[in-house]
Amino acid sequence: MNTKHCAVDGWVDAIPVPGPRDTVTFDLVVRPADIDALDDDAPDTVITCTSGDPRITHELLNGIQPGDLLRATGTLVQPPTPGEHARLTVDALEVLDTALVPVLREMVLDRYGDYVVIFNGDTDAVPVFTAHGQWVGLADNPDAIAPLIDIHERVNGGDA
């Protein structure tokens with residue numbers, strides 16, 4: 001088996017996943033330095049990474065999101081068969097850059113105590129209902145949700 005101690009810079013492809021015996025697994029998408037020399041349709045190199053270090057595991061499960069640029073240092077094992085991903089056992093991790101905050105693109109339901117609001121990425125207006133489905137009103141923007149709920153509770157005696 002061919003192994004090498006190295007550092008790899010790459011973007012996190014998906015949310016890291018907890019594994020057996022307090023480990024974590026994640027994929028890094030690595031692009032070569034001479035990316036301009038490659039064909040536009042050349043596939044990205046994906047390296048599957050694992051770590052059992054408690055500090056690295058905690059950071060990956062609590063602070064890393066898809067799109068973050070990381071430098072992972074550890075022992076790289078070449079895949080046993082062509083076409084499989086190389087595997088890197090990570091013993092040091094550095095965040096080089098964070099991904100942008102995701103932009104809301106779809107509808108999302110959220111609870112405000114006894115109230116339900118619906119966020120829609122296409123508009124600032126936020127429909128507000130009680131948890132039982134009674135219409136409360138339309139907040140002009142997310143900052144107007146709390147005042148709308150306060151008014152509803154004063155008018156209706158605080159019962160949602």
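User: What makes Cys6 too far from the closest cysteine sulfur for a bond?
Analyst: A disulfide is a pair of cysteine sulfur atoms within 2.5 Å. The sulfur of Cys6 is 9.4 Å from the closest one, in Cys49, so the two are too far apart for a bond. Cys49 is likewise in no disulfide, and the structure holds zero of them. Keep in mind that this is a predicted model, where local features need pLDDT of at least 70, side-chain atom pairs count only at pLDDT 80 or more, and totals for chains, interfaces and linings use all residues. Residues are numbered from 1 along each chain as its sequence is written, and side-chain values use heavy atoms, with hydrogens and water left out.

User: Why is Cys6 called buried, and what about Cys49?
Analyst: Buried means under 20% relative accessible area, exposed means over 50%, and partly exposed is in between (1.4 Å probe, protein chains only). Cys6 has 16% relative accessibility, so it counts as buried. Cys49 has a relative accessible area of 0%, so Cys49 is buried too.

User: Why is Arg21 called exposed?
Analyst: Its relative accessible area is 74%, so Arg21 falls on the exposed side. Asp22, at 66%, is therefore exposed as well. Arg21 sits in the loop between strand E2 (17–18) and strand E3 (24–30), and Asp22 lies in that loop too. Strands (E, at least two residues) and helices (H or I, at least four) are DSSP runs, numbered from the N terminus.

User: What is the phi of Arg21, and what is that of Asp22?
Analyst: Arg21 has a positive phi near 55° without being a glycine, and Asp22 has a positive one of about 60°, also without being a glycine. As background, most residues other than glycine have a negative phi.

User: What makes a group of residues a nonpolar core?
Analyst: It's a set of buried Ala, Val, Leu, Ile, Met, Phe, Trp, Tyr and Cys residues joined through side-chain atoms within 4.5 Å. The largest one here has 18 residues, and Leu28, Ile47 and Leu88 touch the most other members. E3 gives the most to this core, with four residues. Leaving aside neighbours within four places in sequence, Leu28 is in contact (heavy atoms within 4.5 Å) with residues including Val8, Trp11, Ile47, Cys49 and Leu70.

User: How do you know that E8 and E9 pair?
Analyst: Two strands pair if DSSP finds at least two bridges between them. Strand E8 (residues 115–119) and E9 have three, in the antiparallel sense, with Val117 opposite Val128. They form a hairpin with six residues between them. On to the next pair: E9 and strand E10 (residues 135–139) are antiparallel over four bridges. Phe129 has Trp135 as its bridge partner there, and Pro127 stands opposite Leu138.

User: What makes E10 an edge strand?
Analyst: The open sheet of four strands runs E7-E8-E9-E10, with antiparallel pairing. Strand E7 (108–112) and E10 are its edge strands, since each pairs on one side only. The twist averages 25° from one strand to the next. Helix H2 (residues 145–156) packs on the sheet, touching E7, E8, E9 and E10, and its direction makes about 150° with that of E10. Such angles run from 0 to 180 degrees between N-to-C directions, with axes as lines fitted to C-alpha atoms, for helices over the stretch in contact.
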